[in-house]
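User: I'm new to this one. Can you walk me through it?

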Amino acid sequence: MKRVMIIGCPGSGKSTFSKKLHNLTGLPLYHMDMMYWNANRTTVEKFIFRERLSAIIQKDEWIIDGNYGSTVELRLQACDTVFFLDYSTDICLEGVRERRGKARSDMPWVESVDEEDAEFIEFIKNYNLQSRSEIIDLLNKYSDKDIHILKNRNDADEFLESLLIKE
């Protein structure tokens, strides 16, 4: 496990899982949101985003956390290990609610407690119907990778604990 990608519905806990995995493995951690967003909630130009991602995936070791569907296959080609946090919609919506108002190292701004982006919430509600099957198809296409499909937070915790036991 040297080149790791972590994907899943927003709110599933990709960044939390990636930070814990980083702490256990020492692999450098990169967040897709930090490559894509500016602190003023604007996005970088697509070519800049792609350049940033390309520079990272060329490295020997990394953990990259985030979805960004247009780059999933690019990262699948470069990685050796995938974690797909395949959680229920309710878990993901709860995750989004819980992180509001908290500073996060994976985002360049703090969402206010009262803030709710209706379009973002709708995306989460539709993720398992619209995006999940594309992810599963890509995981099947790249079945030579070490793929971990975690179904809930307990699965994620158990995997991380198994790394502690191996050390």
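Predicted model: local features only at pLDDT ≥ 70, side-chain atom pairs only at ≥ 80, totals over all residues.

User: Start with charges. How many salt bridges are found in the whole structure?

Analyst: A search of the whole structure finds 5 salt bridges. One of them joins the side chains of Glu-61 and Lys-2, at 3.2 Å from N to O.

User: Give me another pair. What does Asp-157 form a salt bridge with?

Analyst: With Lys-20; their closest N and O atoms are 3.9 Å apart. This pair also links distant parts of the chain. Asp-157 belongs to helix H8 (residues 153-166) and Lys-20 to helix H1 (residues 14-25), 137 residues apart. Asp-157 has a relative accessible area of 33%, so it is partly exposed. Lys-20 is partly exposed at 40%.

User: Which salt bridge involves Asp-86 and Lys-151, and what is the N to O distance?

Analyst: Their side chains meet at 2.6 Å, N to O. Asp-86 is in the loop between strand E4 (81-85) and helix H5 (89-99), and Lys-151 is in the loop between strand E5 (146-150) and H8, so the pair ties together parts 65 residues apart in sequence.

User: Why does Asp-86 count as buried?

Analyst: Because its relative accessibility is 6%, and buried means under 20%. Lys-151, at 42%, counts as partly exposed.

User: Switching topic. How many residues are in the largest nonpolar core?

Analyst: It has 43 residues. Those with the most contacts inside it are Ile-6, Phe-17, Leu-21, Ile-64, Leu-76 and Phe-83. In soluble globular proteins, nonpolar side chains tend to be buried together.

User: Pick Leu-76. What does it touch?

Analyst: Leaving out residues up to four places away in sequence, Leu-76 touches Met-5, Val-82, Leu-138, Leu-139, Tyr-142 and Lys-145.

User: Now pockets. What volume does the second largest pocket have?

Analyst: About 160 Å³. Its lining is made of Tyr-36, Thr-43, Val-44, Lys-46, Phe-49, Arg-50, Tyr-68 and Ser-70.

User: Which element gives the most to that lining?

Analyst: Helix H3 (residues 46-57), with 3 residues. By type, the lining divides into 4 nonpolar, 2 polar and 2 charged.

User: Tyr-68 is in that list. What is its phi?

Analyst: Positive, about 50 degrees, although Tyr-68 is not a glycine. Tyr-68 is found in the loop between E3 and helix H4 (72-78). Arg-41 also has a positive phi, near 70 degrees, and is a residue other than glycine.

User: Where does Arg-41 lie?

Analyst: In the loop between helix H2 (32-36) and H3. Arg-41 is partly exposed, with a relative accessible area of 36%.

Methods: Residues numbered from 1 in each chain as written. Heavy atoms only, no water. 1 Å grid on protein atoms, 1.4 Å probe; cavity = no way out; pocket = protein on both sides within 12 Å on 5 of 7 lines; lining within 4 Å. Points joined across faces, edges and corners; volume = space filled by probe spheres on them. Helix = DSSP H or I, 4+ residues; strand = E, 2+ residues; numbered from the N terminus. Nonpolar A, V, L, I, M, F, W, Y, C, P; charged D, E, K, R; others polar. Salt bridge = Lys/Arg side-chain N within 4 Å of Asp/Glu carboxyl O. Buried < 20%, exposed > 50% of the residue type's maximum accessible area, 1.4 Å probe, protein only. Core = buried A, V, L, I, M, F, W, Y, C linked by side-chain atoms within 4.5 Å. Contact = heavy atoms within 4.5 Å.
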